[in-house]
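Dear colleague,

Please find the structure below, handed over for your records. My notes on the ligand site and on the domains follow it.

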Amino acid sequence: MRAPVEAGALRINSERLWGSLMEMAKIGATPKGGVKRLTLTDLDRQSRDLFVSWCKAAGLSVTVDGVGNIFARRRGRNEAAPPVVSGSHLDTQPSGGRFDGCYGVMAALEVVRTLDDHGIETDAPFEIAMWTNEEGSRFLPVMGASGAFAGVHSVDEIREARDVDGVSFGDALDAIGYAGAAPVGGRPLAAYFEAHIEQGPLLENTGNTVGVVTGALGQRWFEVTVTGMDAHAGPTPMHLRRDALLGASFLIQEVNRLGKLTEHSRGTVGMIASRPNSRNVVPGETVFSVDFRDTDVSGLDRMEQGLRAAAGNIAAEHGLGIDMRQTVFFPPCEFDRTCVAAVRAGAERLGYPHMDIVSGAGHDAVYIARVAPAAMIFVPCEGGISHNEIENATPEDLAAGCNVLLQAVLARAG
Ligand code: GLV
Ligand code: MN
Ligand code: MN
């Protein structure tokens, strides 16, 4: 018989965690050291296959739901009890890094492997969750499949979303063979923990190793369509033009201005398409995204009102049509106090310098928090840089976050 290990003395295997991350980062690796693994592409399938093979090797039972979320379950002493769940996502941005999302999934797997190393049984079952399309860069809405699990979106709504080439989420999911039979959501979870890199500079700047995440900013996204008229770039006098791209440029300035109104507000235009996109044609139509974030819904409302007012003025002045369609909205989220306390207690127990932090990024945990007690654990990333191929984190910090995750999971799973 193995000697029992006291929970506070348990540590994950840092080299193994780093090894899993680096192995996964080979799938979709980019020349600049990042990862491009857009959701529901063949590269996504490859990362899922590898993850599932590791889960099966660890003796976990794997199920896939109707929007492609994967759950890998480690049995508990009490199989009737709701599971404690931990995970994140394996999809990336087009110019993504090695850790955004992947870290949370690999950290949960490392928790399983560590429990196995020590022959530790938990009362409640433990499940690793891999959520589909967290990034929202190929299909809207962002965090769509965890949103479906939480009942925020219907399965049909998710399956019908289309990418810029007109391919539907449903067809792409079927094509990679990950449309599973399990129902989407509708089952109780005892708790949900998600480990993630911070994606901002606070931990690094303050010398903290662990971010105890108390909540996340609210978000409201729009797709804005500016309609003018195609015209010849030479014979058409300046005062007769209805230039959609010019109108969009004024609105983009406005998004930036609104995003700077308070310390906690953010305004970003990250995606733009102009038609016909020809050098000597005055553009007749421009479509772009707007991403507003704030700690308060009133802040989101203020930015929306500001943008609508500017759109009205710009439309009138330049003879344009401007349509703003909301594509994403969720209010600021506050994580469950007891789960947050379990994360903080884990960091304290292990002696890691830590601070409370509010996430500027959206995460699957934001939606899962609607149906289960949830919290997150952040670790520093170099220069606070993320959604960038140069995204980086140290093996030590990643291990620290994973050790805190292990403590939090044990505290909840018994
Ligand atoms: C998710 O990556 C987000 O946009 O916050
Ligand atoms: Mn992420
Ligand atoms: Mn991301």
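Buried area here is the accessible area (1.4 Å probe) that two parts lose on being put together, summed over both. This is a predicted model, in which local features need pLDDT of at least 70 and side-chain atom pairs count only at pLDDT 80 or more, while totals for chains, interfaces and linings use all residues. Residues are numbered from 1 along each chain as its sequence is written, chains are lettered from A and ligands numbered from 1 in the order in which they are written, and side-chain values use heavy atoms, with hydrogens and water left out.

The domains

An automatic or database domain assignment divides the protein into domain 1 (7–217 + 332–413) and domain 2 (218–330). Their C-alpha centres lie 33 Å apart. Between domain 1 and domain 2 about 1100 Å² is buried, and carbon and sulfur atoms give 71% of this area. On the side of domain 1, Leu 140, Leu 217 and Pro 332 lose the most area to domain 2, together 52% of what that side buries.

In terms of contact (heavy atoms within 4.5 Å), 14 residues of domain 1 meet 15 residues of domain 2. The count of salt bridges between the two domains is zero, a salt bridge being a side-chain nitrogen of Lys or Arg within 4 Å of a carboxyl oxygen of Asp or Glu.

The ligand site

Around ligand 1, with a heavy atom within 4 Å of it, are Glu 134, Glu 135, Gln 219, Arg 293, Ala 361, Gly 362 and His 387. Polar side-chain atoms lie 3.0 Å from an oxygen atom of ligand 1 in Glu 135 and 2.8 Å from one in Arg 293. For His 387, an N or O atom of the side chain is 3.2 Å from an oxygen atom of the ligand.

With kind regards

Methods:
Polar contact = N/O pair within 3.5 Å; in protein donor to acceptor, adjacent residues only side chain to side chain.
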